[in-house]
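I set out below what I looked up in this structure, entry by entry.

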Amino acid sequence: MLTSICGINWGDEGKGRMVDLLSEKFDVVCRYQGGNNAGHTVINERGRFILNLLPSGILRESVVNVMGPGMVIDIKHLCGEIAKLREGGIKISPENLKISDKAIITMPYNVLQDIMEEDRLTKATGKPYGSTRRGIAPVYADKYMKKAFRMGELLNTDILYKRLKDIVDWKNMTIKAYGFNPVTVEEMIEYFETYGKPLIDYITDTGIYLNQADKAGKNIMFEAQLGALRDIDFGIVPYTSSSSTIAAYAPIGAGVPNLKLDNSIGIMKAYSSCVGAGPFTCEYFGENAEKLREAGGEYGAATGRPRRVGPFDVVASRYGIRCQGADEIALTKLDVLSGYKEIEICIHYLLNGKRIDEFPFTDVLDMCKPVFEKVKGWNCDISKCRKPQDLPKEALEYIKLLEKLCDCKIKYVSVGAERDAYVEMF
Ligand code: GDP
Ligand code: MG
């Protein structure tokens with residue numbers, strides 16, 4: 001059984017939290033795209049963890065975690081993440097962590113490139129892309145230029161080091177053009193030696209492993225890095241990630257293009273949040289934004305940046321559900337809306353007086369205005385609710401309304417960040 005867990009919105013929907021919960025029924029959890037631009041928060045009996053690169057199944061001893069070929073891996077960051085989890089008592093070994101030999105290595109110069117370009121954009125246009133500055137766009141660009149290094153190359157460093165000089169020369173042409181100091185081959189060798197060597201026992205052909213696991217009848221989950229609206233093709237380009245956040249991509253990014261998904265679970269937030277730049281039609285400003293941001297603790301897990309917030313956006317969410325081919329939804333952070341007597345929903349957009357129901361192309365989206373509608377709130381604490389009948393009538397009505405507007409069943413409702421704070425609806 002192959003299941004994908006993907007974000008319906010702009011990211012930070014609570015994917016890590018839901019993967020941690022649902023992985024109880026899974027044998028394998030696999031990240032298939034992106035890198036340490038992701039920030040997945042998990043709170044359970046073992047503590048509070050923020051995972052950037054490691055699959056969120058790493059916190060369950062019974063789960064084998066796979067980092068697929070579609071990923072870009074900052075090996076320094078990964079070594080740090082593993083060390084931090086070990087300090088927290090989490091066991092990590094080649095038994096429960098397998099890194100694809102085909103996954104790409106994010107290089108220090110990719111991080112530098114990201115920073116140089118965001119700073120240039122800020123100066124030149126005042127409109128940076130809102131990157132996490134962790135080198136993700138440059139390293140994916142290198143991958144498609146066929147000038148990136150892959151994890152499997154760490155197993156034969158004599159060949160790898162021979163490739164270095166030409167690639168470093170090529171990269172320095174760019175770095176110098178920005179007016180920065182060039183990098184050296186020696187620095188890159190040191191990077192591989194320091195942060196690559198400790199990882200070599202984990203590197204394997206994860207496609208073979210996943211196919212065997214599938215044949216043996218194991219349950220495999222694919223964990224997305226960001227939400228649908230950050231997808232490189234279907235999202236709000238250029239304010240997106242540089243990778244695919246889409247469920248249909250999961251088998252490819254995981255290294256098993258021969259396998260088909262059985263189930264797609266979409267993680268959808270009960271309101272909207274968006275970290276970084278780009279059109280965000282339903283955005284709240286001023287006091288409205290302040291109240292919702294505080295209630296939801298909306299500060300980026302990867303970067304600490306205050307997130308932009310707004311009410312639930314029907315147009316964007318319906319599009320996200322379509323992109324993810326979601327069979328069912330986990331609605332998260334419903335408890336955050338508890339302090340409202342009335343809850344707003346962005347029901348559709350307006351463009352020059354015309355009603356817009358289908359999520360438009362980025363340029364058009366920029367010109368759209370939100371139309372808000374009010375529904376009755378429950379205005380009481382729901383964080384202790386564990387069964388549908390525990391939820392107040394207005395909360396149940398809100399859930400039913402979102403199901404109707406988005407045409408998708410809501411199977412789970414999360415009412416808190418802790419593992420057990422959820423309601424299974426059917
Ligand atoms: P991800 O990137 O999709 O994994 O989400 P993040 O971890 O970046 O952001 C989600 C935030 O909301 C984290 O701080 C979680 O601990 C928290 N969270 C997740 N689910 C819930 C929920 O149902 N209620 C509340 N109050 N917080 C939640
Ligand atoms: Mg996040």
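Which residues are linked with Asp-12 in a network of salt bridges? I found that Lys-269, Glu-298, Arg-307 and Lys-333 are linked with Asp-12 in this network. I took a salt bridge to be a side-chain nitrogen of Lys or Arg within 4 Å of a carboxyl oxygen of Asp or Glu.

Conventions. I worked on a predicted model, in which local features need pLDDT of at least 70, side-chain atom pairs count only at pLDDT 80 or more, and totals for chains, interfaces and linings use all residues. Residues are numbered from 1 along each chain as its sequence is written, chains are lettered from A and ligands numbered from 1 in the order in which they are written, and side-chain values use heavy atoms, with hydrogens and water left out.

Metal site. I looked up the magnesium ion (ligand 2) and found Asp-12 (OD) and Gly-39 (O) coordinating it at 2.0 to 2.2 Å. Asp-12 is in the loop between β1 (2-7) and α1 (15-22), and Gly-39, 27 residues apart from it, is in the loop between β2 (28-31) and β3 (40-44). Donors are N, O and S atoms within 2.8 Å of the metal (3.2 Å for Na, K and Ca), and sites may look incomplete because water is not among the atoms. Helices (H or I, at least four residues) and strands (E, at least two) are DSSP runs, numbered from the N terminus. Both Asp-12 and Gly-39 are buried, a term for under 20% relative accessible area, with exposed meaning over 50% and partly exposed in between (1.4 Å probe, protein chains only).

Salt bridges. I noted 25 salt bridges in a search of the whole structure. In one of them, Arg-419 pairs with Glu-45, with 3.3 Å between the closest N and O atoms. Arg-419 lies in the loop between β20 (410-414) and β21 (422-424) and Glu-45 in the loop between β3 and β4 (47-51), so the pair ties together parts 374 residues apart in sequence. Arg-419 counts as buried at 15% relative accessibility, whereas Glu-45 is exposed at 64%.

I also recorded a salt bridge between Glu-403 and Lys-400, whose closest N and O atoms are 3.3 Å apart. Both residues lie in helix α12 (residues 393-406), 3 residues apart, about one turn of the helix. Glu-403 counts as buried at 11% relative accessibility, and Lys-400 as exposed at 53%.

Strand β12. I placed Ser-264 in strand β12 (residues 263-269). Ser-264 is buried, at a relative accessible area of 4%.
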